[in-house]
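Please keep the model open while you read.

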Amino acid sequence: MREAIELDTIDRAIIDTLQGGFPICERPYAEVAGGLGIAEADLLRRLQRLLDRRVLTRFGPLFQVERMGGAFVLAAMRVPETDWQRVLAVVNSLPAVAHNYRRESERNSEFNMWFVLAAESEAGIDAAIGQIQQSSGLQVFSFPKLQEYFVEMKLPVRP
Amino acid sequence: MTGGLDPIDRRLVLSTQGGLPLVPRPYHQLAERSAFRRQR
């Protein structure tokens, strides 16, 4: 396991505060910094450090691609152990692959590679699936969303 | 369903995919980077 990075109280307050949104105004960092009682330059420096240390992987807006006419889909494959690295390289080489995880169930599900495809259109999803199947020689099972019930992601990081 | 993104919206989405610039006026920098005309 990677060594955890030490975050001080201000770093934690920054992460907590920014999960609630980010202002759209001329000096947004100054506005957020003011609320936290620190200087704008300090906030920028701390955010850069959190990014450099990969505590944050990205700082910026997240777009709902479905609202823009795009599409997301969860997909899974049954990848033989001996073929794992080759198939992993095939899947990860596609720009439409947003996440890719190895996941296995104790209850004998044969699916072990799970990934999310995101594209500007439904056709882009189909094309990505077709390409993965062709290059890997394995079948891709897609799990389209039927209904969205709840989406919220805020993680309190107070000590 | 299409979200009706115009070409400028699309450029804005693309230009922030890597994140928001860590500079005091990030939206100005996006505007300049994407050659948007700022309204003053």
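Predicted model: local features only at pLDDT ≥ 70, side-chain atom pairs only at ≥ 80, totals over all residues.

Residues are numbered from 1 along each chain as its sequence is written, while chains are lettered from A and ligands numbered from 1 in the order in which they are written.

**Helix pairs**

Helices (H or I, at least four residues) and strands (E, at least two) are DSSP runs, numbered from the N terminus. Axes are lines fitted to C-alpha atoms, for helices over the stretch in contact, and angles run from 0 to 180 degrees between N-to-C directions.

| Pair | Angle | Axis separation |
|---|---|---|
| α1(A) and α2(A) | about 125 degrees | 11 Å |
| α2(A) and α3(A) | about 100 degrees | 8 Å |

Angles under 35 degrees count as roughly parallel, over 145 as roughly antiparallel, 65 to 115 as roughly perpendicular and the rest as oblique. α1(A) and α2(A) are therefore oblique. α2(A) and α3(A) are therefore roughly perpendicular.

Residues are in contact if their C-beta atoms, placed from the backbone, lie within 7 Å. From α2(A), A:Tyr29, A:Ala30, A:Val32 and A:Ala33 make the contact with A:Glu40, A:Asp42, A:Leu43 and A:Leu44 of α3(A). In α1(A), A:Ile10, A:Ala13, A:Ile14, A:Thr17 and A:Leu18 meet A:Val32, A:Gly35 and A:Leu36 in α2(A).

**Cores**

A nonpolar core is a set of buried Ala, Val, Leu, Ile, Met, Phe, Trp, Tyr and Cys residues joined through C-beta atoms within 7 Å. Buried means 20 or more other C-beta atoms within 10 Å of the residue's own, exposed 12 or fewer, and partly exposed in between, with C-beta atoms placed from the backbone.

The largest core has 17 residues; A:Ala75, A:Leu117, A:Ala119, A:Ile125, A:Ala128, A:Ile129 and A:Ile132 touch the most other members. β1 (71-77), α4 (84-92), β3 (113-119) and α5 (122-136) of chain A each give two or more residues to this core. Another core, of 5 residues, lies apart from it and includes A:Ile14, A:Tyr29, A:Ala33 and A:Leu43.

**Chain B**

Chain B has 2 helices and 0 strands. Of its 40 residues, 5% count as buried. Between the chains, 17 residues of chain A are in contact with 12 of chain B. On the chain A side, α2 (28-36) and α3 (40-52) give two or more residues. α3(A) gives the most, with 4 residues.

Technical notes. Contact = placed C-beta atoms within 7 Å.
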